[in-house]
Amino acid sequence: MKKSYLATLVSLLCFSVQAQQGYEPSPKTYSQTNHGGVGLIQMPTARHNKAGQFSLNYRDSQEYRFWSASVQLFPWMEATLRYTDIRTLLYSSDPNFSGDQTRKDKGIDFKVRLLQESEFLPDLSFGARDFGGTGLFESEFIAASKQVGPFDLHLGVGWGYLGRKGNISNPFCDLSDSFCERPGGFNGLGGKIDYQRFFKGPASLYGGIEYQTPWNPLRLELEYDGNNYQQDSAGVLLQDSGFNFGANYAATDSLNLNLNYQRGNTFGFGISYKLDFNNIKQVKFDPPAKQVPKTLPKAEDALDKVGMNRELYLNAGFMVSNFALKPDEIVIKGTQVAYRDEDIAMDRVGRVLVNYLPPTIKTYRIVIVEAGLPQVETVINAERFVSEARYESLSADVKKSYVRTEPKLDNEAWVEPSDHRGFGYSADVFWIQTFGSPEKFYMYQGGLLVGGAYQINNNFSFQTTAKVNILTNFDDFKFKVDGQQTNVPRVRTYIREYVTRSDVTMENLYAHWKDKLADNWYGQVYGGYLEAMYAGVGGEALYKPIDSSLAVGVDINYVRQRDYDSDLALFDYKTLTGHLSFYWKPFFLDDSLVTASFGQYLAKDKGVTIDFSKRFDSGIVVGAYAAITDMSSEEYGEGSFTKGFYVSIPFDLFSLKSATGRGRIPWVPIARDGGQMLNRPMNLNSVTEARSPFLR
């Protein structure tokens, strides 16, 4: 049986090579498995979608429902997050705690390409499924895929869940007897990577064929399953056949419908919605960029200051805070509020200025200011800008006319008096969400953050924020850890009490000082009610050179826990917390940022938090983080350590006009007290984003 299946697959390959020579229609995107990630029905393949491809999936069968999100981070790496609803089991045996909600399980998968398909060689990939959870579907695989005409042929070897049929001997047993048996259970209290089980235990050969029908939207699938379903979390599942059948119908470029027949006795269906994170665009109705006039303004003409500032804001999205006019140059301070791409922003700024300034002004110095701190100065050579903007050569490029440098603002004769005193206000929206809670699968809280401030001078201010809940079901939040025996301080797990106390709460109230300390150096000091759960004092220093791939910061804070029953009262718990942080954009990973923060956390545990984020061409950022500390899994509790994921989305992907803001959608599987950082009022690396842009 084992040899006959392999022989059949090889025969099909040879037949297809002869019969379909030169026929190579490949899909725009490959379909998703039931568990998420590119593959057939149950089995993953070696295929990868193009970089930036994102797929949101739902699959439904008799025992399981799968919700998953899969993203192609790089051309060679795919990552998948998944929630599984196990219909045959309840979340808990206590109906007062979780009602009739069925069991939910979280999973994380990845797949890495080892070899890219060529004329004679297949795609070859290695991957792991459910490698960071409780291991209900934990498995590893090595798969090869080769397209021959309208057929896409797949062959793989699976271990763990994918290899339970055991139809071949584990090839790694020849290396060591330790690979012949797969350890049971999981380390800690779940959530750890149990690498000691990788490639161990029974192994199975699996494979399949995809056929692109003459009708382009329809693809058919046949797979041989490597699992026998005798040890499933949903119970022993009857398998009348080792073959599964499926059909994928592309209803639109974004919407894919799936119908399948599994194990010879079970029908399933699903839907996938696809996006390309690199090419998501929104039609914009921005004003056209100003044209460079044939005749520039004359030197003797009076400068229309009001008109220039107005056009810089309306046409170039640049809000001027002040400017200084010299015989041969102009210095302009301000903030970019519309255009995320600096090249677009500087092109528009330059075009406005040449319409208002005479040719005697040889240099435009544009200083970007954030939070009152000068970040970067863009020096535009006016004559060259005019030449490049008029396309006077075949190789014209406006970017050649300017350079970025450290701001130099010494004793400038500003047009407007520099009086920074006064009141200010702000308003923003927030959205908090959790998945997989015992009370309800999806819990949320959303509303407004209303801020106020009084500025003493450019460096010192008093600030406060009120949180106003508008939409929430957090009132159903029942889970408490009071009864658990632990010596770990309750630094974050009073979250239920904090978020449900009142619909209007004081988020923070503090005094704040910040300044540019020297070239490449920034600093801040703060004190008061710093965040929803902590009050205290602290400070931060950051070293961040212009356009450098590396920045280094250090913060230290002495804080005391706030009383969740009062806006002003404090608990007795106090601690010293702080971190040394490195922000690195590796040259070998395009558009990526790695942050490593070493130090002491709120629960007095010590360790490091690693955050990896990947930016796509649209500006969408996908990230993940984990905190590894000296707190044991038993002390931490379920999940074993702090980890989470997030997507950061630019607002202008949803608006008809360009904008610079963005929103963040987090996903934290389980939050406990270990590896928890203070939410500082201001993060200097974020404030100085313009010095070495990542979130464009």
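**Exercise 1. Classify Cys180 by its accessibility, then describe the bond in which Cys180 takes part.**

Solution. The model is a predicted one. Step one: the relative accessibility of Cys180 is 28%. Step two: buried requires under 20% and exposed requires over 50%. Cys180 therefore counts as partly exposed. Step three: Cys180 is joined to Cys173 by a disulfide, with an S to S distance of 2.4 Å. Step four: searching the whole structure gives one disulfide.

**Exercise 2. Locate Tyr229 and Asp547 and state whether each is buried or partly exposed.**

Solution. Begin with the backbone. Tyr229 is not a glycine, yet its phi is positive, at about 60°. Tyr229 lies in the loop between strand E9 (218-224) and strand E10 (243-250). Its relative accessibility is 2%, so Tyr229 counts as buried.

Now take Asp547, also a non-glycine residue with a positive phi, here about 55°. The loop that holds Asp547 runs between strand E23 (534-543) and strand E24 (550-562). Because its relative accessibility is 44%, Asp547 counts as partly exposed.

**Exercise 3. Which residues touch the most other members of the largest nonpolar core, and which element gives the most to this core?**

Solution. Step one: the core has 27 residues, and those touching the most other members are Leu312, Ile330, Ile332, Leu353, Tyr364 and Ile366. Step two: the elements giving two or more residues are helices H3 (305-316), H4 (342-354) and H5 (382-389), together with strands E13 (318-325), E14 (329-336), E15 (363-370) and E16 (373-381). Step three: H4 gives the most, with five residues.

Step four: examine Ile330. With neighbours within four places in sequence left aside, its contacts are Met308, Phe323, Ala324, Leu325, Leu357, Ile361, Thr363, Tyr364 and Arg365. Step five: a second, separate core has 17 residues, including Tyr494, Tyr498, Tyr564 and Tyr636.

**Exercise 4. Describe the lining of the largest cavity by residue, element and residue class.**

Solution. Step one: five cavities of 30 Å³ or more are found in the whole structure, and the largest has a volume of about 90 Å³. Step two: its lining is made up of Gly36, Gly37, Val38, Pro44, Glu78, Thr80, Asp109, Phe110, Lys111, Ala128, Arg129 and Phe141. Step three: at least two lining residues come from each of strand E3 (77-90), strand E4 (102-115) and strand E5 (123-129). E4 gives the most, with three residues. Step four: by class, the lining has five nonpolar, three polar and four charged residues.

Note on methods
Residues are numbered from 1 along each chain as its sequence is written. This is a predicted model: local features need pLDDT of at least 70, side-chain atom pairs count only at pLDDT 80 or more; totals for chains, interfaces and linings use all residues. Side-chain values use heavy atoms; hydrogens and water are left out. On a 1 Å grid over the protein atoms alone, a cavity is a set of points where a 1.4 Å probe fits but cannot get out, and a pocket is an open set with protein on both sides within 12 Å along at least five of seven lines; lining residues have an atom within 4 Å of a point. Grid points are joined across faces, edges and corners, and a volume is the space filled by probe spheres set on the points. Helices (H or I, at least four residues) and strands (E, at least two) are DSSP runs, numbered from the N terminus. Ala, Val, Leu, Ile, Met, Phe, Trp, Tyr, Cys and Pro count as nonpolar, Asp, Glu, Lys and Arg as charged, and the others, Gly among them, as polar. A nonpolar core is a set of buried Ala, Val, Leu, Ile, Met, Phe, Trp, Tyr and Cys residues joined through side-chain atoms within 4.5 Å. Buried means under 20% relative accessible area, exposed over 50%, partly exposed in between (1.4 Å probe, protein chains only). Contact means heavy atoms within 4.5 Å. A disulfide is a pair of cysteine sulfur atoms within 2.5 Å.
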